[in-house]
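Q: Hi! I'm new to this one and would like a tour of the side chains. Could you show me the structure and walk me through it?

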Amino acid sequence: MSNRHNRVFGLDVVRAIAVLLVLIGHASYHGHAATWFKWFWGAQGTLGVEIFFVLSGFLIGGILLRLARTDRLHRTGDVWNFWVRRWARTLPLYVFFFLLYLRFDYLGVGDLLKTYPFLVFMQNFAWAPLPFFQHSWSLAVEEWFYLLFPLVFLAAASSGLRFGRAFGLTCAVFIVGPLAMRVRASAGIADYDGFNNLIRMVVVCRLDAIAMGVLVAWIQVDWKPVYEGLQRWGWIAAMTVLASAFYLAAGMPSLIGHPSARVLFFPIMSLAIAAAIPWVAGIRTLGWHALDGFVSLTSKISYSLYLGHICMLTLVNGALAEFGMGADSGVRIPTPVLYGLYMAAFYVFAMLTYAFVERPFLMLRDIETSRASISDGAAQSTSRN
């Protein structure tokens, strides 16, 4: 997926599944849904985030490979340009929601004197996430990966290594490093909360999830037969991902008591997701135009949906309480109606934030990129003449 006008529908499916798992998972903690619904869907927000990590790695890996192969990731200025484009994509909406959550966070009003680490993505770098804007922990993982991966590659390439070895070494650093950090962190884990706060949601323990996606992007470019094999047989990996969804719903039995499982569970899940992406990417339609449109819309506004849905949960619940209604007190609202209100609020708010915050910065970024390309072309033409 190179730009907004050249989308790969199968990847839109992956992104839509990821964000819907998060939305439904968080919504399921409210209301009086059937026991089986809460049992299964309440655990799937975790899987949604894991899918996001691998998909982000796959997409950013393709960008990094194109830059590196065209000699645009071999100088500090090249890395800076990459960062600026990433920040233009991620930071404006993130800062908007950071400010919004100071007032409308699920856990209450935030204190800027305590929440300032969120402005530099230090809320969960090597420690448990701070109790504010908690779903932003995954954004911190991604931002640190965007920051560090090009630097490590630049160092490897500058040492004289050929491209393949430099890129492979960089991927290895981002797989082995987090593995070592999980080994260290897992020693003191005694329960699920410890596993969740000290391993699952800690930057230095999770960078390998994104690196798995980068590996698949590299396979797509340099090992075509392997990628084609994943396209044919990726459904097996998809079934493994589905099995992991039921394992999550069951509460991850026996995980906490086994040190190796604590260390390897998420890498195995990431590997299965990564192996399934080539197969899902081949989907061209779901067979119903309206459903295809919904998937495309959900994918397009997925970043806004992810960042904004907790705010909408807070506001909808608060508004209902003001009118003496709710899922648990006052005039009880049927759970399907409550979930319908949540989803409507999620989508309306996300479309607004996409239109008025996210999209303008994307357009500005594309304009600046076009200007830079024209300037580079003019400079090259002048040098040839």
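A: Happy to! One term before we start: contact means heavy atoms within 4.5 Å. This is a predicted model, where local features need pLDDT of at least 70, side-chain atom pairs count only at pLDDT 80 or more, and totals for chains, interfaces and linings use all residues. Residues are numbered from 1 along each chain as its sequence is written, and side-chain values use heavy atoms, with hydrogens and water left out.

Q: Great. What is F145 in contact with, leaving aside its neighbours within four places in sequence?
A: Its partners on that basis are I60, P150, F174, L207, I210, A211 and V214.

Q: And which residues touch the most other members of the largest nonpolar core?
A: F145 again, together with L47, F133 and F167, in a core of 115 residues. Helix α3 (residues 44-69) gives the most to this core, with 13 residues. A nonpolar core here is a set of buried Ala, Val, Leu, Ile, Met, Phe, Trp, Tyr and Cys residues joined through side-chain atoms within 4.5 Å. Buried means under 20% relative accessible area, exposed means over 50%, and partly exposed is in between (1.4 Å probe, protein chains only). Helices are DSSP runs of H or I with at least four residues, strands are runs of E with at least two, and both are numbered from the N terminus.

Q: On to the rings. How many aromatic pairs are there?
A: The count is 40. Rings of Phe, Tyr and Trp (its six-membered ring) pair if their centres lie within 6.5 Å; planes under 30 degrees apart are stacked, over 60 edge-to-face, and the rest tilted.

Q: Can you pick one? Say, how are the rings of F149 and F174 arranged?
A: Their centres are 5.3 Å apart and their planes at 40°, so the pair is tilted.

Q: What about W218 and W223, how do their rings sit?
A: That pair is edge-to-face, because the planes are at 70°, with the centres 4.9 Å apart. W218 is buried, with a relative accessible area of 9%, while W223 is partly exposed at 39%.

Q: Which rings are linked into a cluster?
A: Ring pairs join Y94, F96, F97, F98, Y101, F118, F121, F132, F133 and F349.

Q: Changing topic: which ring does R206 lie over?
A: R206 is over the face of F266, at 4.5 Å from the ring centre. The rule is that NZ of Lys or CZ of Arg is within 6 Å of the ring centre and within 35 degrees of the ring normal. Another case is R86 over the face of Y146, at 5.5 Å from the ring centre.

Q: And how many salt bridges are there?
A: Eight, where a salt bridge is a side-chain nitrogen of Lys or Arg within 4 Å of a carboxyl oxygen of Asp or Glu. In one of them, R206 meets E50, with the closest N and O atoms 2.5 Å apart. R206 is in helix α9 (residues 203-222) and E50 in helix α3, 156 residues apart, so to speak two distant parts of the chain linked by the pair. Both R206 and E50 are buried.

Q: Where do D222 and R69 lie?
A: D222 lies in helix α9 and R69 in helix α3, so their pairing ties together parts that are 153 residues apart in sequence. Their salt bridge is 2.4 Å, N to O. D222 is partly exposed at 32%, and R69 is partly exposed at 44%.

Q: Last stop: what does the side chain of R262 reach?
A: The backbone oxygen of S186, at 2.9 Å. This is a polar contact, meaning a pair of N or O atoms within 3.5 Å; within protein, one must be able to donate a hydrogen and the other to accept it, and residues adjacent in sequence count only if both atoms are side-chain atoms. R262 is found in helix α11 (residues 259-281) and is buried, with a relative accessible area of 7%.
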